[in-house]
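Try each one yourself before reading its solution.

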Amino acid sequence: MIADEVKVFLLACIAGGGLGLVYDFLAGVRLLFPSNRTAAFLLDGVFFVVAGWVSFRLFQAVSYGRVRGFLLIGEWLGAVIFRLSVGMCVRFFLFGAVQRLKGIAHIVHFKSRKTV
């Protein structure tokens with residue numbers, strides 16, 4: 001059987017991967033607002049609130065609220081593994097979708113401006 005600490009470490013890795021996915025999604029949303037520092041600040045704030053809440057709930061659930069080093073390492077490792085593997089595909093498709101949305105918005109804006 002797998003030791004309880006290993007199960008908890010793997011759970012922390014999964015949580016880190018999920019946080020990586022949330023970060024990539026928010027980065028895609030940030031692309032909709034180019035060179036807008038306020039939007040970047042707000043979206044980064046949303047990510048840090050979500051990451052803090054996820055970490056707090058993880059620590060509360062598996063270690064009775066104690067911050068344990070191997071849980072932090074597990075979250076970090078999960079985020080890095082996600083970013084270097086599945087995250088590349090997610091970013092590719094997400095950023096492509098954002099570019100298509102920008103193109104559609106540009107066409108709609110151009111046509112609406114032309115008819116006026």
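The model is predicted, so please read every value below as computed from it.

**Exercise 1.** Work out where Ser63 sits and whether it is buried or exposed.

*Solution.* Begin with the secondary structure: Ser63 belongs to helix α2, which covers residues 37–63. Next, look at accessibility: Ser63 has a relative accessibility of 0%, and buried means under 20%, so Ser63 counts as buried. Then follow its side chain, which reaches the backbone oxygen of Phe59 at 3.0 Å. Finally, list its neighbours: leaving aside residues up to four places away in sequence, Ser63 touches Leu58, Arg68 and Leu71.

**Exercise 2.** Explain why the structure holds zero disulfides.

*Solution.* Start from Cys13: the closest cysteine sulfur to its own is that of Cys89, 20 Å away. A disulfide needs the two sulfur atoms within 2.5 Å, so this pair is too far apart for a bond. Now check from the other end: for Cys89, the closest cysteine sulfur is in Cys13, again at 20 Å.

**Exercise 3.** Find which residues make the nonpolar surface patch of about 250 Å².

*Solution.* The patch is made by Ile2, Val6 and Leu10. Take Val6 as a test case: Val6 lies in helix α1, residues 4–31. Its relative accessible area is 40%, which makes Val6 partly exposed. Patch residues need over 30%, so Val6 clears that cut-off with its 40%.

Note on methods
Residues numbered from 1 in each chain as written. Predicted model: local features only at pLDDT ≥ 70, side-chain atom pairs only at ≥ 80, totals over all residues. Heavy atoms only, no water. Patch = residues over 30% accessible without salt bridge, like charges linked within 9 Å, V, L, I, M, F, W, Y side chains within 5 Å. Areas by Shrake-Rupley, 256 points an atom, 1.4 Å probe, with all protein chains shown as cover. Salt bridge = Lys/Arg side-chain N within 4 Å of Asp/Glu carboxyl O. Helix = DSSP H or I, 4+ residues; strand = E, 2+ residues; numbered from the N terminus. Buried < 20%, exposed > 50% of the residue type's maximum accessible area, 1.4 Å probe, protein only. Polar contact = N/O pair within 3.5 Å; in protein donor to acceptor, adjacent residues only side chain to side chain. Contact = heavy atoms within 4.5 Å.
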